Amino acid sequence: MLELHAITAGYDRRAPVVREVSLTVEPGEAVGLLGPSGCGKSTLARVAALLHRPDSGTLVLDGEPVRGWRHQAPRALRTAIGVVFQQPRLSSDPRLRLADLIAEPLRATGRREEAAGRVAELAAPLGLTPDLLRRRPHEVSDGQLQRACLARALALRPRWLICDEVTAMLDASTTAALVEAIEHYRSTTGAGLLAVGHDHTLLRRWCDRTVHWDALTSSDGHTTAALDVPASRSAR
Ligand SMILES: Nc1ncnc2c1ncn2[C@@H]1O[C@H](COP(=O)(O)OP(=O)(O)OP(=O)(O)O)[C@@H](O)[C@H]1O
């Protein structure tokens, strides 16, 4: 289970943007996190992805409380989480060909020999042809680059996937391809998903459950308790 307990986080300790927010994702579950722009969804997602240390609160991953973020996070925990962001160009090394970009996590963890096979396995269902895999980021479209970023996030077969607005700015067919690839991965591996976004229709259709940021925050603007809003697939 991925458990965020009473997380307070932000960029200035005197004015945190996330206040005592709690949220859980079960193994195999897809949870959609909805909320207005600037409310703190990405910040919370980055805490869950071990990329942003919270000011207070606890993240528990598969029963293990997390004690270090970013480079201080143990490798076993870092590799358990795959992350995809909204803007693929900000999260890709412009010098790398797409094949090398996808293989980055394997190289970084000393599994270079698995790279060719794993890249081929990930690329084909995402429509990344050998020609595209030889190109660098500036030679492909945003949608093609985002597909490569998703493949990179799946390279180490993470148990948890954090998707932060991954389909914003993409057309309908690329959105459908990305969602289908994530759902295929989730259904075949039992991985859990936290998907952050604005698109109520997409997240309600995609996820087992959606959580509204507003429901996490009391009327005085301070977060007091978590409230998950179940939305069974059959009800939609
Ligand atoms: N690196 C940063 N330094 C300072 N403030 C930041 C930083 N990143 C985000 N913020 C601020 O923190 C607040 C929450 O930002 P965050 O990106 O978490 O919101 P969000 O809900 O994901 O927004 P959006 O839906 O527009 O992506 C915003 O007011 C934002 O301006």
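Reader: Why is Val83 called buried?

Author: This is a predicted model, so the label rests on computed positions. Val83 has 23 other C-beta atoms within 10 Å. The cut-off for buried is 20 or more. Val83 is therefore buried. The residue sits in strand 6, residues 81-84.

Reader: Which residues does Val83 touch, beyond its neighbours within four places in sequence?

Author: Ala49, Ala153 and Ile162. Ala49 is 34 residues away in sequence, but the two C-alpha atoms are 6.7 Å apart.

Reader: Take Ile162. What makes it buried?

Author: Ile162 has 28 other C-beta atoms within 10 Å. Ile162 belongs to strand 7. Leaving aside neighbours within four places in sequence, its contacts are Ala45, Ala48, Ala49, Ile81, Val83 and Leu194. Arg46 is 116 residues from Ile162 along the chain, and their C-alpha atoms are 8.5 Å apart.

Reader: How do you know that helix 1 is mostly covered?

Author: Count its residues. Helix 1 spans residues 41-48, and eight of its eight residues are buried. They are Lys41, Ser42, Thr43, Leu44, Ala45, Arg46, Val47 and Ala48.

Reader: What do the buried residues of helix 1 pack against?

Author: Strands. The list is strand 1 (2-9), strand 2, strand 3, strand 4 (56-61), strand 7 (160-164) and strand 8 (192-197). After the helix comes Leu50, with a positive phi near 65 degrees.

Reader: Which residues surround the ligand?

Author: Tyr11, Val17, Gly35, Ser37, Gly38, Cys39, Gly40, Lys41, Ser42, Thr43 and Glu165. By class, that shell has three nonpolar, six polar and two charged residues.

Reader: Glu165 is in that shell. Is Glu165 buried or partly exposed?

Author: Partly exposed, because Glu165 has 19 C-beta neighbours inside 10 Å. Buried needs 20 or more, and exposed means 12 or fewer. Glu165 lies in the loop between strand 7 and helix 7. Its phi is near 55 degrees, a positive value in a residue other than glycine.

Reader: What is the phi of Ala6?

Author: About 45 degrees, positive although Ala6 is not a glycine. Ala6 is in strand 1. With 15 other C-beta atoms within 10 Å, Ala6 is partly exposed.

Reader: Why is Glu29 called partly exposed?

Author: Glu29 has 18 C-beta neighbours inside 10 Å. That falls between the cut-offs of 12 and 20, so the label is partly exposed. Glu29 lies in the loop between strand 2 (18-25) and strand 3 (30-34). Apart from neighbours within four places in sequence, Glu29 is in contact with Gly192, Asp208 and Arg209. Pro74 is 45 residues from Glu29 along the chain, with 24 Å between their C-alpha atoms.

Reader: Why is helix 6 called roughly parallel to helix 7?

Author: The axes of helix 6 (residues 142-154) and helix 7 cross at roughly 10 degrees. Angles under 35 degrees count as roughly parallel. That makes helix 6 roughly parallel to helix 7. The axes come within 10 Å.

Reader: Which residues of the two helices meet?

Author: Helix 6 brings Gly143, Gln146, Arg147, Leu150 and Leu154. Helix 7 brings Thr174, Ala177, Leu178, Ala181, Ile182 and Tyr185. By class, the contact has seven nonpolar, three polar and one charged residues.

Reader: Where are the domains?

Author: Domain 1 covers 2-80 + 159-235, and domain 2 covers 93-157. Their centres, taken over C-alpha atoms, are 24 Å apart. The contact takes 14 residues from domain 1 and 13 residues from domain 2. On the domain 1 side, the largest share, eight residues, comes from helix 7 (residues 172-189). That side has nine nonpolar, four polar and one charged residues.

Reader: Last one. Which residues of helix 3 are buried?

Author: Leu98, Ala99, Leu101, Ile102, Ala103, Pro105 and Leu106, within residues 98-108. Their cover includes helix 4 (115-123), helix 5 (130-133) and helix 6. Gly110 follows helix 3, with a positive phi near 75 degrees.

How values were computed
Residues are numbered from 1 along each chain as its sequence is written. This is a predicted model: local features need pLDDT of at least 70, side-chain atom pairs count only at pLDDT 80 or more; totals for chains, interfaces and linings use all residues. A residue is near a molecule or strand if its C-beta atom, placed from the backbone, lies within 6 Å of it. Ala, Val, Leu, Ile, Met, Phe, Trp, Tyr, Cys and Pro count as nonpolar, Asp, Glu, Lys and Arg as charged, and the others, Gly among them, as polar. Helices (H or I, at least four residues) and strands (E, at least two) are DSSP runs, numbered from the N terminus. Two residues are in contact if their C-beta atoms, placed from the backbone, lie within 7 Å. Domain bounds come from an automatic or database domain assignment. Axes are lines fitted to C-alpha atoms, for helices over the stretch in contact, and angles run from 0 to 180 degrees between N-to-C directions. Angles under 35 degrees count as roughly parallel, over 145 as roughly antiparallel, 65 to 115 as roughly perpendicular and the rest as oblique.
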